[in-house]
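Reader: Could you walk me through this model, starting with how far its numbers can be taken?

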Amino acid sequence: MLSRLFKPLNIVCTLCYILFMWFAFNSKIVDALVLYVSEGKGKTVYVTKKQELAAVTGQGNNPKPLIAIKYNTKSYGLKEETSETPELSGLEDNDGKEIESSDEEKAEIPTSSNDDDSTVEDAKTTLTPKDELVLESSIVKVPEKTENNKTEVKKSTNNPLDEIKEVAIQKKSDSASDDNTPASAKAYIDAIQKNKWEYAELNDRYIVRYDPDTYIVLTIRPSLQKMMENILAKYDTRMSVGIIEDPFTGEILAIASSHKNKVLKIEDDDFKTSNWAFKSTFPVASIFKIITASAGIDTGKITSNSNFLAYKKSYMKVWKAFASSHNGVFGSVAKKTGRETVNKYATAFGFNKSFFFDLPVGKSICSLSTNKIKMGQDAAGLNRDFLVSPMHVASIVSTILNRGKTLKPYLVDYVVRKGKVVFKRRPFQLAQPIKESTAREIYKMMYATTAVGTGKKGFGGYKKCPTLSKMCGGKTGTLTGASPNYLFTWFGGFTKVTGRDLCIVTLSGQKNHSGTKAASIAGQIAYELYMKRQNDNATEVASK
């Protein structure tokens with residue numbers, strides 16, 4: 001009888017001994033840090049502490065993680081001094097193996113895995129840490145230092161991380177003291193703002209030289225970038241923007257901007273400072289209907305087949321109102337959903353807070369009126385003071401395409417130092433503002449926009465691809481802006497002509513309604529992508 005009691009005890013003791021020895025042989029994990037992002041007086045600050053959770057709008061009371069950065073510092077000489085012991089999670093050891101966490105910890109770590117139908121590689125498939133620093137999210141601004149060289153963390157009323165107890169951490173210089181040690185990830189990201197971009201024929205990529213031994217490779221694909229620049233130059237517009245983003249990774253594959261028919265070249269210094277894509281000075285217009293529809297569907301107040309009064313005694317389903325951009329119906333949707341709820345979903349989608357990117361991007365703003373009539377107009381996108389950047393629109397659309405997951409967009413792909421990769425980016429999930437089922441329903445509604453709605457004309461008329469409109473989807477928008485004072489048209493959507501979803505965002509500014517619409521520019525981009533794939537397939541077959 002007694003021996004039966006001791007048998008499980010022996011097993012437990014053995015397992016504890018093995019676990020102890022594992023920690024002893026892997027003492028390097030002591031220096032692993034988990035970093036959070038918060039804001040203090042409008043500036044980004046770093047916070048290190050134990051993982052904590054906060055509820056995300058649209059997901060009921062289910063807690064969601066708020067981790068913004070995590071990486072193993074020991075392997076790369078990036079030492080941080082903290083006032084408390086950090087937890088270990090989601091990190092890799094020096095052999096490239098993931099350090100195991102407890103079941104409770106694993107539940108708190110955000111993942112960036114894609115759906116089964118995605119062709120994107122698993123985010124965990126990386127090089128060994130000896131040659132690679134894996135950055136899962138990056139910060140653009142450096143926090144200010146006090147006299148004691150420490151960063152003071154302040155609370156921000158608009159950031160859910162304010163409930164987390166702040167811990168001041170000492171920052172080490174961006175540049176490494178050892179010539180053989182790579183600089184910090186932050187230093188590489190800062191470099192793309194300051195240093196010249198150039199085309200490297202050997203890599204067939206755009207690069208930024210960090211120092212004589214190091215260069216940064218950007219995510220932008222030269223063939224897609226040239227295609228985008230040529231398309232914007234083709235159309236007569238006062239200003240225009242075009243963006244192609246991979247919604248399953250956050251990679252920006254192409255980004256172009258023009259003003260008065262002059263297209264900014266990617267090698268130009270003002271590409272990073274004068275690019276319309278990064279400026280939040282444009283009225284969001286009917287793109288905001290994506291937010292309103294998401295709020296209504298995600299809370300169960302409506303479905304895509306719900307009927308609302310459209311014209312006198314005539315009713316219209318939500319999906320059709322979305323495709324035809326019916327303002328009255330979406331005013332009714334907002335009234336049924338509730339002003340506060342729509343506002344919360346707008347915040348969850350990134351409005352009224354900093355937009356984290358490798359280059360500075362303006363903050364998008366909106367707040368629905370307390371007046372019922374004006375609130376309905378706001379929810380339909382008829383408020384000129386609801387401002388957004390094209391980059392943010394790409395993030396909103398990518399969230400829908402990625403089944404409700406918001407990934408951090410980025411430009412820095414990897415860094416090569418003395419012939420070795422010392423930095424490799426991988427996808428990082430920032431939030432999940434809506435359920436997967438809601439995202440799928442909005443996704444289906446977006447198909448109707450190009451098939452039978454306001455975007456149909458822009459995707460029609462291509463003889464070599466007569467079904468183009470059925471392989472694309474999105475949302476259009478039209479509204480006059482103040483800065484600059486043009487009539488703006490939007491297209492925020494996607495195309496499947498390459499075999500999987502790619503996010504396409506276009507913006508066109510004209511003096512009046514007679515100019516080229518954004519949907520036509522997006523249609524041309526989708527068509528060029530289709531023809532490129534057809535030509536590539538033909539070349540591959542011929543080579544065999």
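Predicted model: local features only at pLDDT ≥ 70, side-chain atom pairs only at ≥ 80, totals over all residues.

Reader: Thanks. In what order do the 6 strands of the open sheet run?

Author: The order is E12-E11-E10-E23-E22-E21, with antiparallel pairing; strands are DSSP runs of E with at least two residues, helices are runs of H or I with at least four, and both are numbered from the N terminus. Two strands pair if DSSP finds at least two bridges between them.

Reader: And which are the edge strands?

Author: Strand E12 (262–263) and strand E21 (472–480) are the edge strands, each pairing on one side only.

Reader: What packs on that sheet?

Author: Helix H10 (residues 390–401) does, touching E10, E11, strand E22 (487–495) and strand E23 (502–510), where contact means heavy atoms within 4.5 Å. The direction of H10 makes about 145° with that of E23; axes are lines fitted to C-alpha atoms, for helices over the stretch in contact, and angles run from 0 to 180 degrees between N-to-C directions. Helix H11 (residues 436–451), in turn, lies across E21 and E22 and runs at about 70° to E21.

Reader: Over how many bridges do E10 and E11 pair?

Author: Strand E10 (residues 239–245) and strand E11 (residues 252–259) pair in the antiparallel sense over 7 bridges, and Gly242 has Ala256 in E11 as its bridge partner.

Reader: What about Lys312 and Ser325, buried or exposed?

Author: Lys312 counts as exposed because its relative accessibility is 80%, whereas Ser325, at 15%, counts as buried; buried means under 20% relative accessible area, exposed over 50%, and partly exposed in between, with a 1.4 Å probe and protein chains only. Neither is a glycine, yet Lys312 has a positive phi of about 50° and Ser325 has a positive phi of about 55°. Lys312 lies in the loop between strand E14 (307–311) and strand E15 (314–317), while Ser325 lies in the loop between helix H6 (318–324) and helix H7 (327–337).

Reader: How many residues of helix H5 are buried?

Author: Helix H5 (residues 289–298) is mostly covered, with 10 of its 10 residues buried, and Gly300, which follows H5, has a positive phi near 80°.

Reader: Last topic: at what angle do H4 and H12 pack?

Author: Helix H4 (residues 222–234) and helix H12 (residues 518–543) pack at about 140°, with their axes 10 Å apart. They are therefore oblique to each other, the class left after under 35 degrees (roughly parallel), over 145 (roughly antiparallel) and 65 to 115 (roughly perpendicular).

Reader: Which residues make the contact?

Author: On H4 they include Met227, Ile231 and Lys234, and on H12 they include Ile521, Gln524 and Leu529. Gln524 counts as buried because its relative accessibility is 7%. Leaving out residues up to four places away in sequence, Gln524 touches Ile231, Lys234, Tyr235 and Tyr462.

How values were computed:
Residues numbered from 1 in each chain as written. Heavy atoms only, no water.
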